[in-house]
Amino acid sequence: MTDTSGEQQAVAQATTLNFTSTFPVPSPMVCQGDKVANWESFKQQWEDYEVATGLEKRDAKIRLATLRSVMGKECMQIFMNLKLTVEERKDIEICIGALEAHFKPKRNVVYERYEFNLCSQNAEESVDDYVNRLRKLASSCQFGTLTDELIRDRLVLGITDRSTKLRLLKEDGLNLNKAVNMCRSSEIANIQLKSMSRPQT
């Protein structure tokens with residue numbers, strides 16, 4: 001008589017191991033440049049890796065060993081110098097929290113909003129790039145439910161094209177999506193107009 005339960009377990013283990021070996025390992029944490037963005041990217045990769053490989057269900061020692069092996073040499077040095085007790089270093093959630101506190105220190109909301117309110121579109125910067133920059137700045141301003149409205153306001157004030165700015169100011173019921181679409185349309189029209197103005201060869 002065939003032991004079907006044993007075969008099923010073996011197949012399941014083989015499938016898991018095969019999937020684990022092919023799923024991309026998180027890239028090492030980049031500790032230079034924009035540390036906040038780099039940490040958020042690394043943390044997201046790590047969380048996805050844990051879920052996809054089933055690592056999140058494994059023993060804490062295995063999870064911690066894996067985390068240390070993928071975080072990179074520079075991040076490992078930072079981790080080793082964190083003020084954690086021996087017991088705290090055995091808790092992966094505490095370790096990740098300590099790394100997050102290091103790479104994402106508490107920000108001054110007043111200053112973050114000051115930076116947001118000074119943000120204007122740069123020369124040659126596309127509307128989409130400008131809006132993405134505003135979204136990134138707004139993410140640390142704690143605007144809450146007013147986020148889209150304030151990004152809309154900053155877009156209207158900060159966009160460089162005066163004719164587009166005038167259209168936005170005249171528009172009733174202007175929300176962020178409508179403002180972005182209007183800016184995109186104007187941007188495309190301006191590009192097309194410049195192309196049409198070139199001497200014909």
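Helices here are DSSP runs of H or I with at least four residues, strands are DSSP runs of E with at least two, and both are numbered from the N terminus. By that reading, the protein has ten helices and zero strands, and its pattern along the sequence is α-α-α-α-α-α-α-α-α-α. What you see above is a predicted model, in which local features need pLDDT of at least 70 and side-chain atom pairs count only at pLDDT 80 or more, while totals for chains, interfaces and linings use all residues. Residues are numbered from 1 along each chain as its sequence is written, and side-chain values use heavy atoms, with hydrogens and water left out.

Let's begin with the whole chain. Of the 201 residues in the protein, 30% are buried; buried means under 20% relative accessible area, exposed means over 50%, and partly exposed lies in between, with a 1.4 Å probe and protein chains only. The accessible surface comes to about 13,700 Å², and carbon and sulfur atoms hold 53% of that (areas come from the Shrake-Rupley method with a 1.4 Å probe). Among contacts with a separation of 6 or more, 55% join residues 24 or more positions apart, where contact means heavy atoms within 4.5 Å.

Now to the helix pairs. Two packed helices are described by the angle between their axes and the distance between the axes. The axes are lines fitted to C-alpha atoms, for helices over the stretch in contact, and the angles run from 0 to 180 degrees between N-to-C directions.

Take helix α2 (residues 35-53) and helix α3 (residues 60-70): they pack at an angle of about 140°, and their axes are 12 Å apart. The two helices are therefore oblique to each other; angles under 35 degrees count as roughly parallel, over 145 as roughly antiparallel, 65 to 115 as roughly perpendicular and the rest as oblique. On the α2 side the contact is made by F42, W46, Y49 and E50, and on the α3 side by R63, T66, L67 and V70. By class, this contact has five nonpolar, one polar and two charged residues. Here Ala, Val, Leu, Ile, Met, Phe, Trp, Tyr, Cys and Pro count as nonpolar, Asp, Glu, Lys and Arg as charged, and the others, Gly among them, as polar.

Leaving aside residues up to four places away in sequence, E50 touches L55, E56, R63 and I92.

Further along, helix α8 (residues 147-158) packs with helix α9 (residues 162-170) at an angle of about 140°, with axes 8 Å apart. That makes α8 oblique to α9. V156, L157 and G158 of α8 meet K165, L168 and L169 of α9, giving a contact of four nonpolar, one polar and one charged residues. Also in α8 is D153, which is partly exposed at 32% relative accessible area. Its C-alpha atom is 9.9 Å from that of L168, 15 residues apart along the chain.

Finally, visit two loops. E124, in the loop between α6 (109-118) and α7 (127-138), has a positive phi of about 70° although it is not a glycine, and E124 counts as exposed at 82% relative accessibility. Q142 is found in the loop between α7 and α8. Its phi is near 55°, a positive value in a residue other than glycine, and Q142 is exposed, at 61% relative accessibility.
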